[in-house]
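Try each task before you read its solution.

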Amino acid sequence: MFENLSERLSGVFDRLTKQGALSEDDVKTALREVRVALLEADVSLPVARDFVKAVQEKATGQAVTKSVTPGQQVVKIVHDELQNVLEGDNEEPGELRIDNAPAPILMVGLQGSGKTTTTGKLAKRLTEKNGKRVLMASLDIYRPAAMQQLAVLGTQIGVDTLPIVAGESAVQIAKRAKQQATLGGYDVYMLDTAGRLQIDETLMQEVEDVRDAVNPRETLLVVDGLTGQVAVEVAEEFDGKIGISGVVLTRMDGDGRGGAALSMRAVTGKPIKFVGLGEKMDALETFEPDRIAGRILG
Ligand code: GDP
């Protein structure tokens, strides 16, 4: 998911580690290259700038250039700083607040971002890994095909879906899901809201109404990781309007530039909880800053 960035950085660091002694200028030049590599990966400019500044300060502060293995020291500092920018608060990767049954999870995002697929993936994970009883409901009253898609996924993964009733509003469906989840003894109910091709007022108002009707424990924004900085802008907008608790970045199996993963936390303050790595129902991973930092550095 970070092939290009990873390649660029290992080029820079290979040169550094082979060099033996390092001057401050060598470090500066290397960090300039790191900055360009980050920007090419579509990391947002302030994030790239702050990142390089933090590394620069630590590299000089620790008298790296005088150490025995200066190149490796710089790599270590970069690793730690990557982890830092990805991490934020120290919550457990993939942890969701779903203790009070039935816990509502609201799935939001633009159409085509992978929302319905991710709803299925997450329901499967909660069922199989966490032993939860999950009910899924589609609130996409505009696209009967989307409702059908969730029902088909449910059958495929063995997770219950709320029966489809024609003519209900999104809020009515949400309330019915809550009722059925309570009566049926479910631990979690997931609401797959309708997406639009772009953010619009009607979409946001509808999601707000649903949010107010069920008071979700988690509101997860699903965004296409291939869209780089746009993904971060979408997250800011959804967060401003409805408040999100976390992000799922999809299509991280593609040859995207990975920048969204690096900027998301720093720009929005919201954690990436999971990444989607394919179309299959088990292609979902928790987002682990340490491992991701390792992956970026190759
Ligand atoms: P929605 O409109 O947001 O509900 O989007 P869908 O869930 O219908 O997904 C749109 C397309 O993206 C489908 O073909 C999915 O199989 C595909 N998709 C979703 N997540 C991923 C992912 O992580 N990787 C890849 N390669 N494809 C994905």
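**Exercise 1.** Find which residues UniProt lists for "domain: SRP54-type proteins GTP-binding", and describe the span.

*Solution.* The unreviewed UniProt entry gives residues 271-284; such annotations may be inferred rather than shown by experiment. Next, take the end C-alpha atoms of residues 271-284: they lie 16 Å apart. Finally, the span is 0% helix and 43% strand (DSSP runs: helices are H or I, at least four residues; strands are E, at least two).

Before going on, note that this is a predicted model, where local features need pLDDT of at least 70, side-chain atom pairs count only at pLDDT 80 or more, and totals for chains, interfaces and linings use all residues. Residues are numbered from 1 along each chain as its sequence is written, and side-chain values use heavy atoms, without hydrogens and water.

**Exercise 2.** Work out which parts of the chain the salt bridge of Asp99 and Arg217 links.

*Solution.* Start with the contact: the closest N and O atoms of Asp99 and Arg217 are 3.0 Å apart, and a salt bridge needs a side-chain nitrogen of Lys or Arg within 4 Å of a carboxyl oxygen of Asp or Glu. Then place the partners: Asp99 is in the loop between α4 and β1, and Arg217 in the loop between α8 and β5, 118 residues apart.
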